[in-house]
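Please keep the sequence and the model in view while reading.

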Amino acid sequence: AFARLLPTPTPTPTRPFIMRWALSSAFVLLATAAARGAEQQRTWRLRARPGDDEKLSVHDHFELVNDAEGEAPPLSAGEVRVRPVAFSVDPYMRGRFRAPSLAMRDYVMPPFDVGAPIVGGGVAVVTASRADGVAVGDRVTALLPWQTRATVRADAPFFGKLDAAVSDEHALSVLGLTGASCELPVYHFWLKQRGGADAVRGKTAFVSGAAGAVGSVCVQYLLALGVDVIGSAGSDEKVALLESWGARAFNYKHAAWREQLAAHVDAVGGRLDVYFDNVGGAMLDEALLHMARHGLVIACGAIATYEAANDARHHVKRWFLVIVKSLTVKGFLVSDWPPAEWAASFARLAPLLADGRVRTLSTPTYGFANLPTALVGLFAGANTGKAVVVVDADEYRPARAHHTEL
């Protein structure tokens with residue numbers, strides 16, 4: 001399936017052309033290497049933590065530092081030096097800007113330290129290695145500091161070599177932790193519990209944040225399983241996109257969004273078998289009202305609450321319906337599953353990607369300087385699908401699937 005994602009090879013060139021191409025390519029590589037050698041090391045650091053009632057701000061909470069160019073320290077055993085190509089910006093990162101607290105004790109990862117680099121997922125090219133099985137020129141996915149060059153350990157969580165048949169865009173979306181964040185909970189909490197894909201065909205599901213990174217994968221995946229899907233999104237354009245895939249959809253920014261959700265639920269039988277929640281807040285409250293008895297709520301995210309002031313946060317008012325309807329509510333972190341399960345998830349998603357039933361959808365932003373802007377934009381709905389920041393446009397390998405650009 002991976003091989004089918006590659007472009008069709010071009011015919012072999014003639015020998016004179018090969019010589020001219022080799023000489024010109026060598027010149028370009030030398031010039032590029034010289035230019036990169038002259039670059040300063042740039043780092044985005046946490047300037048200050050936002051207050052409890054304060055939204056994340058590019059100017060107030062991020063600091064770009066230019067460090068003098070110098071010799072990189074020697075690598076220790078197991079370390080690799082990389083040049084980032086593209087970074088993933090994700091809603092979960094917002095929690096890492098908060099101060100350590102009892103509520104954040106079990107968060108995905110510990111809070112960022114003031115003055116330390118911001119860290120996020122990304123794709124990079126290896127420029128030096130002292131790790132077995134990792135060679136110079138390999139592409140890897142890893143948790144990367146927001147720097148123009150970085151040193152990471154090959155045995156660190158989330159580090160992996162990227163298959164040559166997988167584009168960078170796919171690796172940051174459907175065939176990465178974004179795709180696994182949809183497929184693994186649906187597979188383990190629903191399909192396996194209900195007797196497989198045949199048993200859920202014709203069931204009903206509601207996905208909130210349906211045009212976001214995980215939500216857009218989830219809508220397509222559930223549709224591929226034969227599920228009737230309802231999705232919420234934050235613009236009429238996003239609603240039209242979801243409808244073009246075959247889902248029912250509504251704009252949650254419309255005043256009558258509750259009535260629109262109710263009408264869609266009535267159209268698919270009057271009950272929701274599954275609610276895949278990326279939003280939380282009032283949307284979760286409304287979804288509980290429409291759940292079928294013994295239904296399943298998969299709690300993936302709560303983006304509606306990440307930036308809300310404490311006194312403005314919506315607190316769930318219909319939790320008693322979990323009891324009345326005998327609902328199962330499953331929260332999860334994708335790191336709950338070992339890497340072998342991620343690989344199995346990618347193997348289940350790859351055929352759907354190859355035959356077009358699931359497509360990678362992303363919004364790339366270009367330039368290292370725009371990393372904070374892209375992250376802050378997540379909480380204003382600036383992205384459709386996966387938000388990616390491309391820091392090396394020449395090296396970046398996009399998918400052939402549809403994507404939008406800022």
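## Ser-88 in strand β3

Ser-88 sits in strand β3, which covers residues 79-88; strands here are DSSP runs of E with at least two residues, helices are runs of H or I with at least four, and both are numbered from the N terminus. The model is a predicted one, in which local features need pLDDT of at least 70 and side-chain atom pairs count only at pLDDT 80 or more, while totals for chains, interfaces and linings use all residues. Residues are numbered from 1 along each chain as its sequence is written, and side-chain values use heavy atoms, with hydrogens and water left out.

With a relative accessibility of 5%, Ser-88 counts as buried (buried is under 20% relative accessible area, exposed over 50%, partly exposed in between, with a 1.4 Å probe and protein chains only). Neighbours within four places in sequence aside, Ser-88 is in contact (heavy atoms within 4.5 Å) with Met-93, Gly-121, Gly-122, Leu-172, Lys-386 and Ala-387.

## The chain as a whole

The chain holds 13 helices and 15 strands. Of its 406 residues, 48% are buried. Among contacts between residues at least 6 apart in sequence, 70% join residues at least 24 apart.

The accessible surface comes to about 19000 Å², and carbon and sulfur atoms account for 56% of it. Such areas come from the Shrake-Rupley method with a 1.4 Å probe; for residues, only the protein chains shown count as cover.

## Asp-168 in helix α3

Asp-168 belongs to helix α3, residues 168-171. Its relative accessible area is 0%, so Asp-168 is buried. A polar atom of its side chain lies 2.8 Å from the backbone nitrogen of Arg-397.

Apart from neighbours within four places in sequence, the contacts of Asp-168 are Val-85, Val-123, Arg-139, Leu-162, Glu-395, Tyr-396 and Arg-397.

Helix α4 runs over residues 177-194, and its 18 residues should span 26 Å at 1.5 Å a residue; the end C-alpha atoms are 24 Å apart, which agrees. The expected span is 1.5 Å times one less than the number of residues. α4 has a kink of about 40° centred on Tyr-187, where the bend is the angle between axes fitted to the seven residues ending at a residue and the seven starting there. Because 13 of its 18 residues are buried, α4 is largely enclosed by the rest of the structure. Gly-195 follows α4 and has a positive phi, near 100°.

Helix α12 (residues 339-354) has 16 residues and reaches 22 Å from first to last C-alpha, close to the expected 22 Å. A kink of about 25° lies at Arg-348, shortly before Pro-351. The buried residues of α12 are Trp-342, Ser-345, Phe-346, Leu-349, Ala-350, Leu-352 and Leu-353, and they pack against α3, α4 and α6 (213-224). Gly-356, with a positive phi near 90°, follows α12.

## Aromatic pairs

The structure holds twelve aromatic pairs. Rings of Phe, Tyr and Trp (its six-membered ring) pair if their centres lie within 6.5 Å; planes under 30 degrees apart count as stacked, over 60 as edge-to-face and the rest as tilted. Trp-44 and Phe-62 form an edge-to-face pair, at 6.4 Å centre to centre and 85° between the planes. Trp-44 lies in strand β1 (residues 41-46) and Phe-62 in strand β2 (residues 62-67), so this pair ties together parts that are 18 residues apart in sequence. Both residues, Trp-44 and Phe-62, are buried.

Phe-250 and Trp-257 form a stacked pair, with 6.3 Å between centres and 5° between planes. Phe-250 and Trp-257 are also buried. Ring pairs join Trp-44, Phe-62, Phe-87, Phe-97, Phe-112 and Trp-146 into a cluster.

## Arg-201 in a loop

Arg-201 lies in the loop between α5 (197-200) and β8 (204-207). Its relative accessibility is 49%, so Arg-201 counts as partly exposed. The side chains of Arg-201 and Asp-198 are joined by a polar contact of 3.0 Å.

Leaving aside neighbours within four places in sequence, Arg-201 is in contact with Leu-225 and Gly-226. Arg-201 and Ala-224 are 23 residues apart in sequence, and their C-alpha atoms are 9.4 Å apart in space.

Note on methods:
Polar contact = N/O pair within 3.5 Å; in protein donor to acceptor, adjacent residues only side chain to side chain.
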